[in-house]
Amino acid sequence: MSKISLIAKLTAAEGKGAELRALLGALIEAADEEPGLEVYSAHGDPENEDVVYFFELYQDQAAIDVHGKGERMREAMGALGGLLGARPEITMLEPLVAKGLDVSPAS
């Protein structure tokens, strides 16, 4: 089965951008409890501090299915609720090639 990548765009509610960015470390730390989540990285929009993008790489569909279900990740994601001004925009992707990452199909 092929690996799955996605990009998630999170937009903070008005005046909540700094709080959203402050929560990013907790989200990244919580990702440690998800072994099938291979890359989980946050990126700020340099032109809009209220926008954050996540790049995520999953081993397979099963890894996506368990994303956010661990105790630490549920807690960190729950804290996002009051900070977002809109639902996250998720774009699912199929990784083709990457420098520094193994994007070959999972065994």
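## Starting with a definition

Let us begin with the burial scale: a residue is buried under 20% relative accessible area, exposed over 50%, and partly exposed in between. Lysine 16 has a relative accessible area of 28%, so this residue counts as partly exposed. Please keep in mind throughout that the model is predicted.

## The chain as a whole

The chain contains three helices and four strands. Their order along the sequence is β-α-β-β-α-α-β.

For overall dimensions, the C-alpha atoms occupy a box of roughly 45 × 30 × 20 Å along the principal axes. A compact globule of 107 residues would have a radius of gyration near 13 Å, and the 14 Å of this chain agrees with that. The accessible surface is about 6,500 Å², with 52% of it belonging to carbon and sulfur atoms. Of the 107 residues in the chain, 36% are buried.

The contacts tell you how the sequence is brought together. Among contacts in the chain with a separation of 6 or more, 74% are between residues 24 or more positions apart.

## The sheet

The four strands build an open sheet, ordered β2-β3-β1-β4, with antiparallel pairing. Strands β2 (37–45) and β4 (89–93) are at the edges and have a single partner strand each, so one side of each is left without a neighbour in the sheet. On average, neighbouring strands of this sheet are turned by 15° against each other, direction ignored. As background, strands of a sheet pair through backbone hydrogen bonds, in either a parallel or an antiparallel way.

Now for the individual pairings. Strands β2 and β3 run antiparallel and are joined by eight bridges. These two strands form a hairpin, with two residues between them.

## A helix across the strands

Helix α1 covers residues 17–30 and lies across β1, β2 and β3 (48–58). Relative to β3, helix α1 runs at about 20°.

## Two salt bridges

Side chains of opposite charge can pair when their charged atoms come close. In this structure there are two salt bridges.

One of them links glutamate 38 with lysine 3, and the closest N and O atoms are 2.8 Å apart. Because glutamate 38 lies in strand β2 and lysine 3 in the segment before β1, the pair ties together parts that are 35 residues apart in sequence. The burial of the two partners is worth a look: lysine 3 is buried, at 8% relative accessible area, whereas glutamate 38 is partly exposed, at 35%.

In the other salt bridge, the side chain of glutamate 19 meets that of lysine 16, at 3.5 Å from N to O. Glutamate 19 counts as partly exposed, with 39% relative accessibility.

Key. Residues are numbered from 1 along each chain as its sequence is written. This is a predicted model: local features need pLDDT of at least 70, side-chain atom pairs count only at pLDDT 80 or more; totals for chains, interfaces and linings use all residues. Side-chain values use heavy atoms; hydrogens and water are left out. Two strands pair if DSSP finds at least two bridges between them. Axes are lines fitted to C-alpha atoms, for helices over the stretch in contact, and angles run from 0 to 180 degrees between N-to-C directions. Contact means heavy atoms within 4.5 Å. The radius of gyration is taken over C-alpha atoms; the globule rule is 2.2 Å times the number of residues to the power 0.38. Buried means under 20% relative accessible area, exposed over 50%, partly exposed in between (1.4 Å probe, protein chains only). Accessible areas come from the Shrake-Rupley method with a 1.4 Å probe; for residues, only the protein chains shown count as cover. A salt bridge is a side-chain nitrogen of Lys or Arg within 4 Å of a carboxyl oxygen of Asp or Glu.
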